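Here is my notebook from an afternoon with one protein model. Have the picture open and follow along, entry by entry.

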Amino acid sequence: MSVMTAPLPEIAFGGPADSGELFPIREVARLTGVNPVTLRAWERRYGLIQPIRTESGHRLYSRTDVETVHRILDWIERGVSVSKVGKILARDEQPVDAASVAPAGAEQEWSQWQQQLRTAVGAFDDRQLDRLYGQIYAAYPVAVVFQDILMPLWQQLLRHQGLFGQTSEWLFFDGFLRSRTWKRLQTGCATAAPRVLLAAIAGECRELELLVAGLLMSGDELAVKVLAVGQPMDELTLVCEKTKPQALVVFSNHSPTNELPRRLERLALTLDCPLLLAGDASELAQEQLEGTPVGCLGNEGRLMQRRLRQFLRGNLDS
């Protein structure tokens with residue numbers, strides 16, 4: 001079997017050579033920064049990756065395995081212990097419901113769009129990037145645009161910054177997406193629709209993740225106003241007193257601390273509107289928040305908007 005030794009961008013974003021290329025453990029260690037001892041421990045102790053074995057017993061890893069290692073590192077950086085990462089990865093691989101299952105051929109289409117976007121990003125071609133963005137937005141619902149096409153590519157670029165120029169490419173793409181997402185949110189906030197405030201827990205998400213969450217929650221009948229990254233949590237009560245939103249949504253993509261449920265409960269008692277938690281922290285803290293006045297919206301765009309509307313209807317009916 002052949003051994004892939006191409007530079008990291010080719011591994012991250014695929015192409016015609018995606019079929020059947022395998023990597024020895026030393027190459028996976030070089031590409032990911034995870035030493036072979038740790039890779040073997042993740043396999044034996046936690047079952048996080050399952051390389052194939054040659055007849056002589058050597059491990060060989062697929063491109064999917066390499067990407068899984070990067071995903072594991074991403075969760076560890078967010079504060080999730082290795083022992084819990086397996087459950088999160090298994091959850092992420094399951095479709096949320098029947099409506100979220102991609103139609104036949106859709107994933108291939110999305111991959112083709114991502115390859116075109118990747119080429120434009122690599123050339124720092126903002127005009128081509130803008131044309132592709134407009135075409136994608138016109139062809140798909142907003143949830144597909146961001147969750148299935150744009151954000152997966154953004155995440156890949158974020159994870160793979162090992163070679164010269166890759167950080168600049170991610171910054172270019174991140175800046176482009178932030179500006180376009182912010183404009184769409186501003187347009188929505190200009191309507192007379194009821195307003196929901198969305199604030200990030202300081203240091204627990206990137207600005208684009210917060211902006212995209214706001215866009216996915218919003219709709220024709222509901223405007224989401226995103227507060228600036230760095231908004232102090234202990235001043236949210238003051239902001240809500242002044243703006244009188246229909247709900248306050250707190251957003252985090254980090255593993256929740258033991259203190260978070262208590263902080264949210266205390267905050268909820270000071271508000272005249274429902275308090276909700278969204279993002280990856282919402283999925284991880286759901287059991288801890290059961291029986292409290294804090295609702296959980298999850299981290300999946302199609303469900304976040306639906307759950308938000310359900311919470312608001314329940315609040316209005318009560």
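**Entry 1: the second largest pocket.** I looked up what lines the second largest pocket of this predicted model. I found 17 lining residues, and D74, E77, R78, L158 and R206 lie nearest the centre. My note on terms: on a 1 Å grid over the protein atoms alone, a pocket is an open set of points with protein on both sides within 12 Å along at least five of seven lines, a cavity is a set where a 1.4 Å probe fits but cannot get out, and lining residues have an atom within 4 Å of a point. The space in this pocket comes to about 370 Å³; a volume here is the space filled by probe spheres set on the grid points, which are joined across faces, edges and corners.

Which elements give two or more residues to this lining? They are α4 (63-77) and α8 (142-159). Helices (H or I, at least four residues) and strands (E, at least two) are DSSP runs, numbered from the N terminus. I also sorted the lining by class: four residues are nonpolar, six polar and seven charged. For that sorting, Ala, Val, Leu, Ile, Met, Phe, Trp, Tyr, Cys and Pro count as nonpolar, Asp, Glu, Lys and Arg as charged, and the others, Gly among them, as polar.

**Entry 2: ground rules.** I wrote down that residues are numbered from 1 along each chain as its sequence is written, and that side-chain values use heavy atoms, with hydrogens and water left out. Because this is a predicted model, local features need pLDDT of at least 70 and side-chain atom pairs count only at pLDDT 80 or more, while totals for chains, interfaces and linings use all residues.

**Entry 3: the whole chain.** I read off 15 helices and eight strands. Buried residues make up 48% of the 318 residues; buried means under 20% relative accessible area, exposed over 50%, and partly exposed in between (1.4 Å probe, protein chains only). Of the contacts with a separation of 6 or more, 66% come from residues 24 or more positions apart. A contact means heavy atoms within 4.5 Å.

**Entry 4: the sheet.** In what order do the five strands of the open sheet come? I traced β5-β4-β6-β7-β8, with parallel pairing. Two strands pair if DSSP finds at least two bridges between them. On average, neighbouring strands are turned by 30° against each other, direction ignored. Axes are lines fitted to C-alpha atoms, for helices over the stretch in contact, and angles run from 0 to 180 degrees between N-to-C directions.

Next I zoomed in on β4 (residues 195-200), which four bridges join to β5. L197 stands opposite K225, and V196 has V224 as its bridge partner. Helix α9 (residues 166-189) packs on the sheet, touching β4 and β5, and its direction makes about 125° with that of β5. Helix α12 (residues 260-269) lies across β6 (247-251), β7 (275-278) and β8, at about 150° to β7.

**Entry 5: inside β4.** Why is β4 called largely enclosed by the rest of the structure? Because five of its six residues are buried. I picked A200 in this strand, and A200 counts as buried, at 8% relative accessibility. Leaving out residues up to four places away in sequence, A200 touches C205, L210, Q231 and F251. I also checked A200 against L277: they are 77 residues apart along the chain, yet their C-alpha atoms are separated by 9.8 Å.

**Entry 6: a cavity.** My search of the whole structure for cavities of 30 Å³ or more turned up one. The lining of the largest cavity is W182, L185, Q186, C189, V224, K225 and V226. Helix α9 gives the most to this lining, with four residues. By class, I counted five nonpolar, one polar and one charged.

**Entry 7: two positive phi values.** Most residues other than glycine have a negative phi. I noted F124, with phi near 50°, in the loop between α6 (106-122) and α7 (126-139). F124 counts as partly exposed, at 40% relative accessibility. K244 also has phi near 50° and lies in the loop between α11 (236-243) and β6. Is K244 buried or exposed? K244 is exposed, with a relative accessible area of 66%.
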